[in-house]
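Please read the following report alongside the sequence and the 3D view.

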Amino acid sequence: MMALLIRDIKLGLRAGGGALIGILFYLAVAAVTPFAMGPDLNLLAKIGPAILWTGALLASLLGLERLFQIDREDGSLDLMILNRHTTSLSLVVFTKCVAHWVTTGLPLVIITPLLGLLLNMDGAAIGATVLTLLIGTPAITFIGAVGAAIAVSLPRGGLLVSVVILPFAIPVLIFGVMATFGAVVDGAPFKAPLLLLAALTLFFAVLGPLAAGYALKNAGD
Amino acid sequence: MSKKDIKKVGMLAALANPTRFMTLSGTLLPWLSLLAALFVAIGLYLGWQAPEDYQQGITVRIMYIHVPAAWFAMFSYTVMALSALGVLVWRHPLADVSIRAAAPIGAAFTLLCLVTGSLWGRPMWGTYWVWDARLTSVFVLLLMYLGIMALQRAMEDPARSARPVAILVLVGYINIPIIKFSVDFWNTLHQPASVIRLDGPTIHASMLWPLLVVAIGFTFLFLAMHMMAMRNEIRRRRAASLRKAGARGKSSAPTTAVLEG
């Protein structure tokens, strides 16, 4: 499992990996919004966390199809499916999700403070956004694994994955933004949405790989 | 509601033969359609005769469509989830047909629920739409129906799309309890349940009866439409397999059409 983890992280960081594209997309969303909203700094500071969360969600959805696509193209996915009696397929999917998150989700979290400065957010808001993204984005990857596994045999499944996955990612977005606002606005709850966000991540960390492993097993043709 | 499910499990093996299903549904369908039309007509008439609400005035009559539509938006998804179990556990040949047939019907009920709710919300809440917990979760349900339909249409071969779609349907089932209890978890604009609750309905009998009659009518309506859509889907698959056989040449064409998937 460690070997698979390291291999996937290395592959993801190579030039052909999707890590950079996700970051650029995130940057684009955060940079385009002020043009649309107008350069009112107070307004931007207020809705900044929501913009960053939306951007991070869309950027995470963008790279999901790569989760199994490359392995399918070079045949290693078939080997994993054949080996499922020695190494559980759900465990393989879980490992791949972790590697995928490290190469696509974590960079988004890391550049969030920079984008927060561009959006005139103060320290507490930036810290809260980073924390909620850190807890919440793995959930999107785990949910996305189901969509990616279902669409793996489709020739142009990329956009379909995003469409199919979006309804399941909405609770993550809701609680992520709610917790971020709770840290900034007085009187708004912070701890409860944060715990619910963590619960969502843990829940999908179990359900996602199980369902995705089952779907992969049946996708073999 | 549960009668169909019991029937489904009990006659599971018998209905595995599509031809038998076609014969049975062919005889049932006119009766179901008739009952649906009858009950919906009576229920709506009774709803029109029922007293107006002292606060809502005449707009309360929207409820007689809105509430059953919301119930059947969730019921359709439940039927799909049970059929998904049928695909994955029993590999029932008609279960996938049932999912495919129920998805557009469920989407239509969900849309009906959202539209009637908006029309009611405009005079009562002063707005067509709020991002309230229940409204949002029903909206998410609509997105899920559309996503499932998109996935079904993305794969050409129904035999291959059956299991991925079934997995997606089952994973999506977690949204149904969220919708049902959203008005209890988050105390927002949408009023809490008033018909199905542990301590009995809080709605007056004069309004409850028309509502229940419409709900019975919607049950028959759902069964009739579902059965009709399943028959269409079976015919569509037969036509597709006949076309394929025809393309392969006359010698390999089967004497009787068989259902694929």
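How many helices and how many strands are there in chain B? Chain B has nine helices and zero strands, where helices (H or I, at least four residues) and strands (E, at least two) are DSSP runs numbered from the N terminus. This is a predicted model, in which local features need pLDDT of at least 70 and side-chain atom pairs count only at pLDDT 80 or more, while totals for chains, interfaces and linings use all residues. Residues are numbered from 1 along each chain as its sequence is written, and chains are lettered from A and ligands numbered from 1 in the order in which they are written.

## The two chains

Read along the sequence, chain B follows the pattern α-α-α-α-α-α-α-α-α. Chain A likewise holds nine helices and zero strands, and its pattern along the sequence reads α-α-α-α-α-α-α-α-α.

Of the 261 residues of chain B, 39% count as buried, and in chain A buried residues make up 48% of the 221 residues. A residue is buried if 20 or more other C-beta atoms lie within 10 Å of its own, exposed if 12 or fewer, and partly exposed in between, with C-beta atoms placed from the backbone.

In chain A, residues 24 or more positions apart account for 80% of the contacts with a separation of 6 or more, and in chain B residues 24 or more positions apart account for 75% of the contacts with a separation of 6 or more. Two residues are in contact if their C-beta atoms, placed from the backbone, lie within 7 Å.

The C-alpha trace of chain A spans about 55 × 35 × 30 Å along its principal axes. Its radius of gyration is 18 Å, which agrees with the value near 17 Å that a compact globule of 221 residues would have; the radius is taken over C-alpha atoms, and the globule rule is 2.2 Å times the number of residues to the power 0.38.

| Helix pair | Angle | Axis separation |
|---|---|---|
| H7 (residues 123-150) and H9 (residues 191-219) of chain A | about 20° | 7 Å |
| H3 (residues 41-62) and H8 (residues 158-184) of chain A | about 150° | 10 Å |

The axes are lines fitted to C-alpha atoms, for helices over the stretch in contact, and the angles run from 0 to 180 degrees between N-to-C directions. H3(A) and H8(A), by contrast, are roughly antiparallel to each other. Angles under 35 degrees count as roughly parallel, over 145 as roughly antiparallel, 65 to 115 as roughly perpendicular and the rest as oblique.

H7(A) passes H9(A) in a left-handed crossing, and the residues of this contact divide into 21 nonpolar, four polar and no charged. For these classes, Ala, Val, Leu, Ile, Met, Phe, Trp, Tyr, Cys and Pro count as nonpolar, Asp, Glu, Lys and Arg as charged, and the others, Gly among them, as polar.

The crossing of H3(A) past H8(A) is right-handed. A crossing is left-handed if the near helix is turned anticlockwise from the far one by less than a right angle, and right-handed if clockwise.

## Where the chains meet

The contact between the chains takes 15 residues from chain A and 13 residues from chain B. On the side of chain B that touches chain A, helix H6 (133-154) and helix H7 (158-172) of chain B each supply at least two residues, and H6(B) gives the largest share, seven residues. This side of chain B has eleven nonpolar, one polar and one charged residues.

## Single residues

A:Asn120 lies in the loop between helix H6 (89-118) and H7 of chain A and has a positive phi of about 65° although it is not a glycine. A:Asn120 is partly exposed, with 17 other C-beta atoms within 10 Å.

B:Arg91, in the loop between helix H4 (63-90) and H5 of chain B, also has a positive phi, near 50°, in a residue other than glycine. B:Arg91 counts as exposed, with 12 C-beta neighbours inside 10 Å.

B:Leu112 is found in helix H5 (residues 95-125) of chain B and counts as partly exposed, with 17 C-beta neighbours inside 10 Å. B:Leu112 and B:His66 are 46 residues apart in sequence and 7.3 Å apart in space, C-alpha to C-alpha.
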